[in-house]
Amino acid sequence: MVNVKPVSTPLALHFNLSIKQNPSTEAELEEMKKIPYESTVGCLMYAMVCTRPDLAQSLSVVSKYMSNLVRDHWQAIKWILRYLKGTRNKGIMFERQHGDACITGFVDSDYAGDLGKRGYTTGYVFTCGGGPVSWRSMLQSISALSTIEAEYMALTEAAREAIWLKGLACDLGLQ
């Protein structure tokens, strides 16, 4: 991966990953057993938790295929590594802000984005003083009937986190 061309997105739309994909031959199955998929996903998750919340959604997608790996899943991991190569200088920077430390939240959902389960993905990020302090990307377990309903359900998840963060900020003496 040293000489690969960097990419600008953590996971491209052309990856049609599905749990229903299976290795097509016995040789492919044996080849996939030799690939360090689980340890690579684990390393990427460590980076995500510590300094790279931009990887949350893409890792949520690729981590579902640990038990039934095919070449497309490994190609998706390599895409994420290409993204990291192009964004090595990115990360969370915490610095003292003059003025109020304001908590700001952003939330969105992707209705029917997971074609395998027909579910939707919800994600949010909260920042304080310009740096992210809480983030999440997850596949919802409840089915939504429309895009608007999916948006409201995502907003509910984010509101729950906002209430908790407000209590934490008050405990720390922040307004």
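Which pattern does the protein follow when read along the sequence? And after that, please look closely at helix H4: where does Leu84 lie, and which residues is Leu84 in contact with, leaving aside its neighbours within four places in sequence?

A: The model is predicted, so local features are described at a pLDDT of at least 70 and side-chain atom pairs at 80 or more, while totals for chains, interfaces and linings use all residues. Residues are numbered from 1 along each chain as its sequence is written, and side-chain values use heavy atoms, with hydrogens and water left out.

Read along the sequence, the protein follows the pattern α-α-α-α-β-β-β-α, which comes from 5 helices and 3 strands; these are DSSP runs numbered from the N terminus, with at least four residues (H or I) for a helix and at least two (E) for a strand. Of its 175 residues, 35% count as buried, where buried means under 20% relative accessible area, exposed means over 50%, and partly exposed lies in between (1.4 Å probe, protein chains only). Among contacts, meaning heavy atoms within 4.5 Å, with a separation of 6 or more, 67% are between residues 24 or more positions apart.

The structure holds 2 aromatic pairs, and one of them is formed by Tyr37 and Trp74, whose ring centres are 6.3 Å apart and whose planes meet at 55°, so the pair is tilted. Tyr37 lies in helix H2 (residues 37-50) and Trp74 in helix H4 (residues 71-86), so this pair ties together parts that are 37 residues apart in sequence. For such pairs, the rings of Phe, Tyr and Trp (its six-membered ring) must have centres within 6.5 Å, and planes under 30 degrees apart count as stacked, over 60 as edge-to-face and the rest as tilted. Both Tyr37 and Trp74 are buried. Another ring to look at is that of Trp79, because Arg82 lies over its face at 5.0 Å from the ring centre, a charge being counted over a ring if NZ of Lys or CZ of Arg is within 6 Å of the centre and within 35 degrees of the ring normal.

Leu84 has its place in helix H4, and at 17% relative accessibility Leu84 counts as buried. Leaving aside its neighbours within four places in sequence, Leu84 is in contact with Leu44, Arg52 and Leu55.

Arg52, one of the partners of Leu84, is found in the loop between H2 and helix H3 (56-62). At 6% relative accessibility, Arg52 counts as buried. Its side chain is joined to that of Asp54 by a polar contact of 2.8 Å; a polar contact is a pair of N or O atoms within 3.5 Å, where within protein one must be able to donate a hydrogen and the other to accept it, and residues adjacent in sequence count only if both atoms are side-chain atoms. Leaving aside neighbours within four places in sequence, Arg52 is also in contact with residues that include Tyr83, Thr87, Lys90 and Gly91, as well as Ala47.
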